[in-house]
Every structure is written in C-alpha cells, then in structure tokens.
Amino acid sequence: MCDSPPPKRNQPFVRQSNYQDADQGLDATLYRHSASGAQVLDVQSADHENLLSILFRTPPTDNTGLPHILEHAVLGGSRKYPVKDPFFHMLKMSLATFLNAMTGPDYTIYPCASNVAADFFNLADVYLDAVFHPLLNPTHFGQEGYHFAFDPSGDLDGRLVVKGIVYNEMRGAYSSANECMQRAIERGLFPNSLYRHDAGGDPDRILDLQYEDFVAFHRRYYHPSNALIVHYGNIPPESWMPFLDARLTGFAPCEPAPMPAPQPIWTEPRTTTDSYPVGMDDSPRQRSYLAISWLTMHHPSPLELMAQEALFLILTGHDGAPLRRALIDSKLGHDLTHTYAHAFGRELTFHVGIKGSEAEHRQAFEQLVLSTLASLAEPGTIDQETIEMALTRLGYIFQEINEGFPLKLASQIYDSWTIGDDPFVWLNGRAVLNELRRQIQREPDFFGRRIRAWLLENPHRLTSILQPDTQQSTRKQAELDAGLQRRKERLTTADRQRIQKEADELAEFQHRREPVSAIENLPRLQTRDLPEQPPLIPTTLDRGFDHLTVLRQDIPTNGVNYLALTMDVSSLSAAELRLAHTIFTHVSLRMGAADQDYAATARRIAAHTGDIRYELLPSTSFQDPNRQVLRMVLRTKFLDIQSEPALDLLRDLVFAPDFNDTGRLMNLLTQLREQHHSQVVENALSYAMPLAARHTSRLNGLLNHISGLAELRQAEDWHERFADDPSVLQQNLQTLSKKLTGSGPWIASFTGSDQTYDHFRTAWHGWSTRIPAKMAPQHHETATDAGHAAASTPPRHGLAAPMDVAFNVMSLPLPHDSQHDSALIKIGTHLLSFDYLLDEIRFKGSAYGGGCTYRPDRKVAFLYSYRDPEISRTLNVFQGLSAVAQNVSWQQADIDRGILGVVRNNLRPIRPASATRTALVRHVRHLSDEARNAYHERLLSATPKTVKRALADHLDAGLANAGLCIVANRERLTHLAQTDGAIRLQIENILGH
C-alpha cells in the first residue's frame, strides 16, 4: 500500500546512469526521485521544443475500457485546477506543439510539448496536477465513460438510454472492420494474457464498469512509483527538476505494477472466426479478412527485435517484396492488411493478412504464406542487396529529424524502458543496427534460420477470419435496446429517481459556467510573450536551372535530404485532374518505369529512398482569391549516400513511367477501391466535407468534383471499366504523364546537404532535355476555369453507411485569408469551437468530438462532429452559432487566449520535411513574409469589439448559405428526414450504390 509518509532524503533525485550521443547532441541522465520512487529520464538537447511525457503502467483486467475512460477523466479537473476541462482550456490558450493522452494495451501516456519555455512549464504544471490529483467525481465518470438517462428527459417511464463519450467513441470503433480485425487478433493470440482485453473498451462491456472500481484503479496505478517520466529539450535540469520535485512531494514509494505474465506458448496452431458489420444492402462477397499471426518471442533482445523488423521489411516492406507480391498475385484477396511486426510489452509478434477475400480461402491463404516462407528460408535465397535495403530503411528511424521529433524520441525510450530494459537502448539505435549488420555478416543463414524458428516451426500461430455480417448492426442495436429495457424493468422507483437525479446533476455540471477566477487561475502565456513576427523559414531562391525554380531551405537535416518537385496542373481539364488526383497519384509510383517491371522499381524505391509520393496541392493565390493554385507535388527523401541512385530513380519515375502491365494495374485499382471502402467508416468526414462545401466557391466545387465521394466513385468506376478495356485507362495515364511533365514551369523545394544539391543540379541538366515543348492549347474548359459549384441551393446530403454513430458536417462560406477580417474570424471561430461547439457536442451531447475548422485559403469553414450519437441536436447546435457569437461577452483576456490558440501553428518548430513543403506552399500561393507578418500583426491587435464585429458581418450570411452532409446508417437518416421537415436530405448509399 501507499499510505506511509515519504522518507527523509538528502537529495531529491538520485542519479542512476547516463548516456551521451555527440552526433545527435543528446545528454541523457536517468534519475530516481528518492521520496516518491518516480523514475525520471532527462534528455538534454539544443532543441527549443521541450517535452514532458508521463507514462503509467495500466494493465486492464477486463473489457470495460477502464484505462481509456480514466485517461479521459483525469484531464477533466484537478485539485489545483478545479475547472471542468483544463485540458481543453490549455489547448485553446497555449502554444503547445503537442497536447494529448493515449491509452495503450497496458499503459497510458500523457505527453505535452511546447517550444516556449514558459508555456512548457504551464502545460507541465496542469498535466502533473491532473494525473496525480484529479477530481474524478461521479460526473466525470458519467460524462467520459457512460451514464443512463430517460428519453424524454424527466419521464421516469420513458425509454432508458445510455450516453457517454468513450462509450460512443468505441461504438464507432467497433463499426470499423480494421478495428474488429485487430481486436480479433489480440483476443485470439493472447487468450491467457492481459492483452486479450481491450483497454479501449468493448461497448458491450463498458456498462459493467462501476465508479468505485474506476477510482480504485487510479489510486493503485497513477502513483509516481508506477510512473516513467521523460523530459526532452533545452531547459536545464537545474530549472525544471526542482519544479518536478515540488509536484512529487507527499508521495511515498509503492510497488509499481508488475510486468504482465507471459502468454503460455501453444503446442499447435489455432483458428478463430469473428464478424464485423456491413450495410444490409451491401454484398458480402469478397469482404472477408484473413490473417496469420505468430507470437515469436518473449522478452527479445534489442538485436532480435530489430532483426524481426528487418525481416518484416524483407518479406512485405515494399510492393516487390516476396511475400507481399505472392499474396497480391494470388488473387486470394485485394490487398494486404494487418501486416506488421509489433511488441505487446515483452511479447514480440508477427502478422500478415489480406482483405477483400472469402472465408473459404483460409486454407489456400495459409498454404501460400507457409510455402512462400519455406522457399525464402532456404539458405542463400535472400540476397545481400535485399538485406541492405531493409537495414537502410531502418536507419531512417534513428536519423530523421521529423515533425514531432521529441515525441518520437520519448516513444523510443519507452519501447525498452516499459519492459524493464535499459531506457537508453533505442537512443543509440544505430549501434544496435550496426551490431545487426555484423551479426548478419557472421551468420550467412541469419534470416533463413529465423524464418524457420519464428514462423515455420512456431506452433503459436493463429489464423483469424473476419466475415461481413449484414445483420450485425441491426442485431447489436436490438440487443442493446432489449438489454436496456430489461434493465429498466428491474429498476425500482428509487432506482429511477436516482438515475434521473444523476442525469440532472450531470446536466447541471455540463451547463454550469466556470467561475472566472477558476479559469484565470490556469497558467497561461500573455500575448506580450509572443514574438512580434512569426519565425521565417531560411529560404533562398535559385533560378539557375532550365525550366525550374528551386527554393532551398538552410536547415540541418542530419544527412537526410528532402525534395518536393511540382508541376502546374491548372491547364488540365476537370476530367484529367480527377484522373490525376484519384488514379495517377495512386498507381504511377507503383508500376514499372524505364523498362523495369514494378517489382524491380519497387526494390529501387525501397533501396534508395525513405519515402516517395504524389499529392495534389489545391489552394488559391493570396494576392487574388479568385485565382486557383493547382499543383501536382512529388515528394521524396533520401540519404546523402543514396543521392545519385535516388535521383536516377526519380528521373525514371517522372519521365518514363510504364502503365503496360495490365495485371499489376488491375491489382492497384482493386486496392484503391478497397482502401476507400475501408475509410468510409473510419474517416467519414473526408467524404462529407467536400460534398457539404461544394457550393461555397469555385475551388471547393472543383474539389468536390475530384475528391471525397467523387474520388471513391471514380475508383469504383475505373475498376469496373478496366476489366472490359484496359487500354483506355492505360492510354489516358500515359497521355496524362506527358502532359504533367510539360505543364508549365516547374518549381522545386529542397532541404539538404550541399553535396546532394550539386548532384541534383547535375541531374536536372539531363532531365530538362526531356521536358517536352509547351503543348498546344486544348479546346476544352480547364479545371481552373470550370465552374463546379452548385448553382444556388446549398447541398443537403445524407450518406448511408454501416455505422452505429454519425458524422455531421455543415459548411459556411467565409472570407479569404487576404481579407482583413480573416484574422479576426480565425480568432472568433477558434473561441467558438472550444467554448461552445466542443462543450455542446462532446460534453453535453456525448459525441467523441466536434468543433469548427476555418480554411481561409479555401474561403470556407466547417462545423463538424464525429462518432456522434445525436444528429438533430448537433444540427441545432450548429445553427445556434451566430446567436452565441452575438450574445457572448468576451473580455480582452478571452481574445488573448484565442490569439494564442491561433498563432500556435505559425510558431511551431521548423523541421526539415515540413519546412520543405511549407516554403513551397507559401511560394506558389504568393504568400510573402511581409504578408504573413501583417496577418500576424492583425491577430495580435484583435479586441473583443473587432472580433465580434467581424463575426457579425459574416457569420449570419455564412449560416444562411450553409451546406450540410450527414454520414450515418440509413435508418437514422430516413428517420431524420421524416421527423424534421426542415431537413430535406438527398440520401444515397456510400457503398453498394
């Protein structure tokens, strides 16, 4: 137990070990807090971005989602900061570069980061008080977990319903085939381990959780002795460790949570069968998932863990990898899924799966996987080039300075620290990688032996089958309704009165206005602490290339080079642009090139680059809101030592793509269609937003024409047409490729070494001779000129999909970012998003999330909610936005916190990859540093009067012309259309239309 007083101590922190890395500029020291038993790792760096991360071991004992609900609730008010939601208050008034919390299979982690020292201390103060001294009232449990209520409210004989944020989040998660498959794998592979439990919560079991267990779990596991605390950044120990010491006082050491007991190894393989929901009208054909999973090792060494990662890359890490290729070419499924190597605590696992299959293919799938592995296990089958390719890709993990670098570093530390190993192991991951190289050289059959031991001869093998069920959603809802009815029938009058009383208390809690003094007690920056100008990306313009302008960023990259190469696509027709966005970007880099087939090309991509991808960059000119900016961007990264072969590869991919492999192209089209189908439930907002906004501007009309639901339909259409006549698409893609290389002046953005830049200059000299002369004018309307916006009536769409919760989007036309009011509206919508929409939709409406995102470059704002049990209520909340804006009594302190929340994204640390892209976007939009400074100045000078005036001038008109799109199951959409005469939805199925 932890009730004894803390011991006397001579020094707060006892140094235990140290690790230094001159190449990365890291000086890491492990301490033990002598009074509380907390373990603290301080990682000193020259980086201005400071991170504090607190991890607790939180082993679940059932499927009630207790760790997940607690993760939500501890950030809902604490002893020092007894406000309803300090987490969201800090989100809206800090410069946090990261602020969140995550529940893992047996741990919960609370990271926060900022590149401003004072802000870092503010965030850390709130987080430390939240995790160690949360309020955890029954209202927090009811709001974040679940609570019962009567519908209509106040009628004790009304229908008994259940509400709760995590409850609805997990109802949405369990509508996803990917989530259902993952749960089936974990439950099946670990039947005797805690990893069989869903720490997130099974909706069917969440209602079993009791408040007393919830509080006891925090008391047991949220103790400093069970915490692993990481600090990273340039704030020295003498500044931040006394701060930490003061917040760990009062705790006596306890026993930390024990390591999970290992899963007993099976003596023979097993098979499980599960199901997931699809629409009642959907065809179940080719909708099954199949996977084989192995428990390969218990408590592997770092070398063995990295060896398995390398083996994963060798087998499945690129399109030409042998196991991936064998599965795709077999036509047993449409694409790979749930294919990964992963450690669950000390348990190392390996997985390979396919989707778009049939349950009866299980035996053929097993035989193919095992026979392919057997052939690869033969000595000498895996060549040295393939091995080196995998090791090179692993090197990026330890070399790249990417966005969110501090969090990545903390994750690497936790990978070993949480299982009781040396926390410095993966800070020095390059040493492990070099030792792996040496071991491979000493052992010629290194990977063959491990394929045999880990996979072929391993009896702990699970085959998972996940089948579509057209009745599951309806059946689950009926079971829930029947269960609630039975529960209601067992209630006494006193029980009903208690439920109503608790619901009333929760409603009162949610509607209660925070005392001004409580909010003002939260630590915050002042606007005077902000820089007068946003940071600039150090960029020079190089016009010394033929047909090319190069933006070059002067930022350290640790040997990784970043290149973004763009082509102007504004002269394409709308049909060509849709083909480019939907099909070309997906298939072009995954076919053959320069007389090499797709497998050889995929090997070159894997061997010489860390990543390569196309994306469409749609925006508007900052100088002219009516001028659309449409560019196709090819982004890649590669090491200095790979620069010459990487650039040769890039040349072949851009100037000599080969679309003639009909079988390969058909496979890619099938994969693309399946990707869209799986995204419908998981990311429905991406389909709703383009539809809802298509009337707001010509650019948004065009985006609706080429993305979202139109993109899904295009993928389905080409997949269906291709089988009849492949040559049509192949010719269109070849023609489009030539148009892209000849479409206007090229612009590149480069961040990297002088040596590689010189290689690029030499390479481009040869490339420029391949750029065709300007193509003759076409006799069609270009995408830039085409008008795709709805004529006059704002859209009202209902998209039917198999899900238990809804996604709601309302779009509002609002000013362009070149207009003076844009900065003021940015502040106002930020405040309304957190102060009104989030409160009404998440806390009172029990949705997982909701808010407002304003895209001034596209002249539109989106009001949205997701995993939302309510539709009508949420739409009423959206419609009430203007009235709230008119009646709100903002003070300058409110505006200042809005300013802080808005400028946060403009003050983020400059990392190489994001700087390469951001500099390019600003250049093609003609967004100068002077214009950014002026926008920043308008933000800093905002007042309550100016912000309210800007909202009054634009918000009413925007809501009056708002578009709407709702994604939900058909029954709910039909019911809404029948019961709300003001909403006349055009309903269509997303799938199976």
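**Exercise 1.** Find which helix gives the largest share of the lining of the second largest pocket.

*Solution.* Keep in mind that you're looking at a predicted model.
- Start with the share: α29 supplies nine residues, the largest share of the lining.
- Now the space itself: the volume of this second largest pocket is about 890 Å³.
- Next, look towards the centre: 32 residues line the pocket, and the closest to its centre are Arg513, Glu514, Ile519, Asp835 and Arg897.
- Other elements giving two or more residues include α2 (86-93) and α18 (493-511).
- Sort the lining by class, and you get 12 nonpolar, six polar and 14 charged residues.

**Exercise 2.** Work out how helix α13 is oriented relative to α15.

*Solution.* 
- Take the axes of α13 (residues 384-399) and α15 (residues 429-442): they come within 9 Å and cross at roughly 170°.
- Angles over 145 degrees count as roughly antiparallel, so α13 is roughly antiparallel to α15.
- Check who touches whom: among the residues in contact are Leu391 and Phe398 from α13, and Leu433 and Ile440 from α15.
- By class, the contact residues split into seven nonpolar, three polar and three charged.

**Exercise 3.** Decide whether Arg867 is buried or exposed.

*Solution.* 
- Locate Arg867 first: you'll find this residue in strand β28 (residues 860-868).
- Look at the backbone: Arg867 isn't a glycine, yet its phi is positive, about 45°.
- Most residues other than glycine have a negative phi.
- Finally, the relative accessible area of Arg867 is 15%, so this residue is buried.

Key: Residues numbered from 1 in each chain as written. Predicted model: local features only at pLDDT ≥ 70, side-chain atom pairs only at ≥ 80, totals over all residues. Heavy atoms only, no water. Axes fitted to C-alpha atoms, helices over the stretch in contact; angles between N-to-C directions. Helix = DSSP H or I, 4+ residues; strand = E, 2+ residues; numbered from the N terminus. Parallel < 35°, antiparallel > 145°, perpendicular 65-115°, else oblique. Contact = heavy atoms within 4.5 Å. Nonpolar A, V, L, I, M, F, W, Y, C, P; charged D, E, K, R; others polar. 1 Å grid on protein atoms, 1.4 Å probe; cavity = no way out; pocket = protein on both sides within 12 Å on 5 of 7 lines; lining within 4 Å. Points joined across faces, edges and corners; volume = space filled by probe spheres on them. Buried < 20%, exposed > 50% of the residue type's maximum accessible area, 1.4 Å probe, protein only.
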